[in-house]
Amino acid sequence: MKQISLFDDNRTQTVPLASRLRPEGLEDFVGQEHLLGKGKMLRQLIERDQVSSMIFWGPPGVGKTTLAGIIAGKTNASFINFSAVTSGIKEIKDVMKQADESRSLGIRTVLFVDEIHRFNKAQQDAFLPYVERGSITLIGATTENPSFEINSALLSRCQVFVLKALSEADIQKLLRHALQSDKGFAYQNVHITDTQIAAIAAFSNGDARTALNTLEMAVLNGEISADGILVTDEGMEQCITRKSLLYDKNGEEHYNLISALHKSMRNSDPDAAIYWMNRMLQGGEDPLYIARRLIRFASEDVGMADSQALQVAVAAYQACHFNGMPECDINLTHVVTYLAMAPKSNALYTACEASKADIRNSRAEPVPLQLRNAPTKLMADLEYGKGYEYAHDTEDKLTAMDCLPEAMAGTTYYHPTDQGNEMAVSEKLRAVKEWKRKHINE
């Protein structure tokens, strides 16, 4: 079947879907509930038109510019949209002069600076005196950590609001809205499955703009019939460049594959582990997610049997961060193979779980006096620190001092195995306990 344009006039052809659907009010804004939920601070500031200088910090496509647009629509102040990409010192001074003139007439100026981190120190310094004397209310948007990219003097005069990547549920809500909205595809009768919508949401990685652009491409490449437009799996794969349709990162298959990877490594089967790991990557899984699971495995299933495993896993995470896909697949293959072939011990895992169970099920025991610091005279008078024995002062670098609460004396959580390097740890721990037993009454 032939492919045709969805749009009937030149105006809509030139406006991307993401721009057409940009919310104009908080009621249509999706995500950032921690900032914009009912009663939350940022929502109240916007609704009351009481915005102060602030920085929106978050990844691309989460609503930083949209929030600025909503503020522009709500405020009674003069609103100026300014881009750090296309502006320099001269443009800043021109805008500041305009803001000063408006202030003399009793008119506030709200200045939105997109990608403010792109301004150098001198350019950022140019804003400072105007922010200090109230000529402007500065709203900056940045994808970079403001602690490093915004001058400390300017940052100290701004409140930082951290915007989070949208959840896949948020993205799916946006996509369904686009399919039903008059500004989207309401009149196109688009046939798209829940699995395809979920695949676009997974592919977008929390970026609303990417999700809407991908949906637009998928619909444009759909098959036209008298019944409307059919989005096909083949067309979808071209748009998302990976087989995400076969792998729902929040569904059963996700958990089946990560379980298969863990159990293959636990069973010292590198071939199976490599296969399941690459199945996840080819399905569109975030390599950093896999790397984080491998870091957990290194302590949970290898532990003290080979403490180097944790370092290898952390190094693989850093390699994935530096390289990204597709280059980091070999880094993950490296660590998956290492973990599969490493000696195994779950002694750390069982110790951790047993300790947490005691904490949940028992009362919070007080810290023994001998383990407390006494930085004040009152604390010393209350015998904080009394009876503390400094191990470095002894010949054996050991004391018989009990470090557990009295009610828990003798409790044991860590039971080392005889696997790999943990055998030496087991011998060391046995010797330490024997020494303490002999010296307990000295």
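**Charged side chains and their surroundings**

Guide: Arg 363 counts as exposed, at 58% relative accessibility. Buried means under 20% relative accessible area, exposed over 50%, and partly exposed in between (1.4 Å probe, protein chains only). This is a predicted model, where local features need pLDDT of at least 70, side-chain atom pairs count only at pLDDT 80 or more, and totals for chains, interfaces and linings use all residues. Residues are numbered from 1 along each chain as its sequence is written, and side-chain values use heavy atoms, with hydrogens and water left out.

Which residue forms a salt bridge with Arg 363? It is Glu 365, with the closest N and O atoms 3.2 Å apart. A salt bridge puts a side-chain nitrogen of Lys or Arg within 4 Å of a carboxyl oxygen of Asp or Glu. Glu 365 is partly exposed, with a relative accessible area of 22%. Elsewhere, salt bridges with shared partners join Arg 266, Arg 296, Glu 300 and Asp 301 into one network. The structure holds 17 salt bridges.

Glu 300 forms a salt bridge with Arg 266, and their closest N and O atoms are 3.8 Å apart. Glu 300 sits in helix α16 (residues 287-302) and Arg 266 in helix α14 (residues 252-266), so the pair ties together parts that are 34 residues apart in sequence. Helices (H or I, at least four residues) and strands (E, at least two) are DSSP runs, numbered from the N terminus. Glu 300 is buried, at 15% relative accessible area. Arg 266 is partly exposed, at 36%.

Arg 43 and Glu 47 meet through their side chains in a salt bridge of 3.0 Å, N to O. Both lie in helix α4 (residues 41-47). They are 4 residues apart, about one turn of the helix. Arg 43 is buried, with 11% relative accessible area. Glu 47 is partly exposed, at 42%.

Now a charge without such a partner. Glu 422 is found in helix α21 (residues 422-439). Glu 422 is buried yet has no salt bridge. Lys 433 is the nearest side chain of opposite charge, and it is 12 Å away. For charge, Lys and Arg count as positive and Asp and Glu as negative, while His and the chain ends are not counted. What does Glu 422 touch, not counting residues up to four places away in sequence? Its contacts (heavy atoms within 4.5 Å) are Met 304, Ala 305, Ser 345, Ala 347, Tyr 414, Pro 416 and Thr 417.

Turn to the sheets. An open sheet of 5 strands runs in the order β2-β3-β4-β1-β5, with parallel pairing. Strands pair if DSSP finds at least two bridges between them. The edges are β2 (78-83) and β5 (159-162), each pairing on one side only. Neighbouring strands of this sheet are turned by 15° against each other on average, direction ignored. Between β2 and the parallel strand β3 (residues 109-114) there are 6 bridges. Ser 78 has Thr 109 as its bridge partner in β3. Helix α6 (residues 89-104) packs on the sheet, touching β2 and β3. Its direction makes about 175° with that of β2. Axes are lines fitted to C-alpha atoms, for helices over the stretch in contact, and angles run from 0 to 180 degrees between N-to-C directions. Helix α5 (residues 64-74) lies across β1 (54-57), β2, β3 and β4 (137-142), at about 145° to β1.

Another open sheet has 3 strands, in the order β6-β8-β7, with mixed pairing. β6 (190-191) and β7 (223-225) stand at the edges with a single partner strand each, so one side of each is left without a neighbour in the sheet. β7 and β8 (residues 228-230) run antiparallel, joined by 3 bridges. Ser 225 has its bridge partner in β8, Gly 228.

Last, the cysteines. A search of the whole structure finds 0 disulfides, counting pairs of cysteine sulfur atoms within 2.5 Å. Cys 320 is in none, and the nearest cysteine sulfur, that of Cys 328, is 3.9 Å away. Cys 320 is buried, at 3% relative accessibility. Cys 352 has its closest cysteine sulfur in Cys 403, 19 Å from its own and too far for a bond. Cys 352 is partly exposed, at 41% relative accessible area.
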